[in-house]
Amino acid sequence: MKVEPPGGEPDRLRPPFVGDIEDGQRSIPWLAANVNKRGVTCELTSADGRALFARLAAQARIVVESFAPGRLRELDLADSLREAIVVSITPYGQDGPLAAVPGSDLEVTAASGSLWLAGEEGRAPVRTAQPQSPYWSGMYGAMGALVALRSPAPQRVDVSAQAAMTTVHPPAPVWWDVAHEEHGRTGPFLLGRSVVGSRFRNLWACADGFVSFAIQGGPIGRHTGRMLAEWMGERGAVPPVIGRIDWDRFDNTTLTQAQVDEIEAAIAPFLRSLSKAEFFSGVIKRKMLGYPVGDASDSLADPQLRARDFWRTLAPAEGLPPVPFPGGFALFDGERPAVRRPAPSVGEHNREIYAEAGVATEELERLRRAGTV
């Protein structure tokens with residue numbers, strides 16, 4: 001159940017929009033975050049609204065809120081939540097020097113340290129195109145609520161988005177804590193594959209995008225190198241530097257950077273000649289390590305996701321055409337949880353939900369006229 005102020009949340013107007021038409025029923029971030037929920041409106045700053053909310057809270061096991069720390073007490077809602085598990089999700093947590101500081105996704109990501117690790121060495125850090133911290137902190141909030149359900153007493157789950165984003169790159173804080181070394185930006189390169197400090201490229205340009213591939217050792221890495229050499233020969237000629245390698249004894253961990261650069265310079269033109277589909281088909285055929293770097297359209301067309309019935313269709317609102325929508329994150333006894341309903345319109349389920357809480361039709365109409373719902 002989603003509780004909004006009368007008139008709806010500002011997030012309903014967050015772009016982008018379905019069909020590029022700005023409308024509270026077409027916001028893609030709103031739709032993504034609120035499917036399968038019923039929706040009510042309630043003005044929490046009024047006495048009638050607080051009393052109404054208390055009736056809803058009395059029926060709830062779990063209440064998730066994202067007010068600034070202390071706002072629940074200011075609204076005099078703390079008593080009505082005494083019997084519920086309350087999950088509070090804020091930028092920096094409920095206490096500490098930053099507790100009262102507002103923070104956007106960019107600020108939270110920067111404060112977590114994860115922004116510093118994104119991008120290429122020697123250049124400015126880069127952020128992802130879409131906000132990440134709401135989803136990471138929401139995931140931890142859901143996990144915290146499930147853990148709290150195990151307790152015989154109602155618990156308060158305090159989720160910091162900053163702390164949640166710190167775990168996006170878990171080796172970084174451990175690297176610093178244990179080795180006292182900074183885990184910097186590596187861009188398209190791999191760490192930890194060399195005993196002499198060499199680095200190996202992991203992202204390569206191809207004919208229509210990028211692929212993930214690396215020079216590696218060990219049984220599967222040697223097999224991949226051997227198959228790559230055969231593949232290059234099938235499509236033309238094997239570069240001399242590749243042809244000289246004894247793949248049965250190849251050890252990438254001892255290669256100097258000059259040797260790595262020479263091998264990679266020979267591989268790059270071959271990978272640039274392949275499309276993502278050609279690369280992946282060849283990798284699967286030869287049982288090699290490697291994967292195309294997919295974009296959103298690749299995910300939508302991915303045969304593995306389709307085979308597992310991941311993609312569903314959902315009409316964002318009445319009168320709008322269906323759009324592709326991801327299904328549940330896992331299968332439960334072979335079944336994927338259904339997308340049962342689109343995100344609610346403003347106050348769509350007021351009558352239904354407040355009736356369940358014992359609010360008579362006449363009382364609800366009075367509250368509507370007063371601007372409480």
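**Surface and core**

Mentor: Leu203, Phe210 and Val293 make a nonpolar surface patch of about 240 Å². This is a predicted model, where local features need pLDDT of at least 70 and side-chain atom pairs pLDDT 80 or more, while totals for chains, interfaces and linings use all residues. Residues are numbered from 1 along each chain as its sequence is written, and side-chain values use heavy atoms, leaving out hydrogens and water.

Trainee: What makes a nonpolar patch?

Mentor: Its residues have over 30% relative accessible area and no salt bridge, with nonpolar side chains (Val, Leu, Ile, Met, Phe, Trp, Tyr) joined within 5 Å. A salt bridge would be a Lys or Arg side-chain nitrogen within 4 Å of a carboxyl oxygen of Asp or Glu. Areas come from the Shrake-Rupley method with a 1.4 Å probe, and for residues only the protein chains shown count as cover.

Trainee: Why is Val293 called partly exposed?

Mentor: Its relative accessible area is 34%; buried means under 20%, exposed over 50%, and partly exposed in between. So Val293 counts as partly exposed.

Trainee: And Thr109, buried or exposed?

Mentor: Buried, because its relative accessibility is 11%. Thr109 lies in helix H4, residues 105-112 (a helix is a DSSP run of H or I, at least four residues, numbered from the N terminus).

Trainee: Which residues touch the most other members of the largest nonpolar core?

Mentor: Among its 28 residues, they are Phe213, Ile242, Ile263, Ile267, Leu271 and Phe279. Such a core joins buried Ala, Val, Leu, Ile, Met, Phe, Trp, Tyr and Cys residues through side-chain atoms within 4.5 Å. H10 gives the largest share, 7 residues.

Key
Helices (H or I, at least four residues) and strands (E, at least two) are DSSP runs, numbered from the N terminus. Buried means under 20% relative accessible area, exposed over 50%, partly exposed in between (1.4 Å probe, protein chains only). Patches are made of residues with over 30% relative accessible area and no salt bridge: like charges are joined within 9 Å, nonpolar side chains (Val, Leu, Ile, Met, Phe, Trp, Tyr) within 5 Å.
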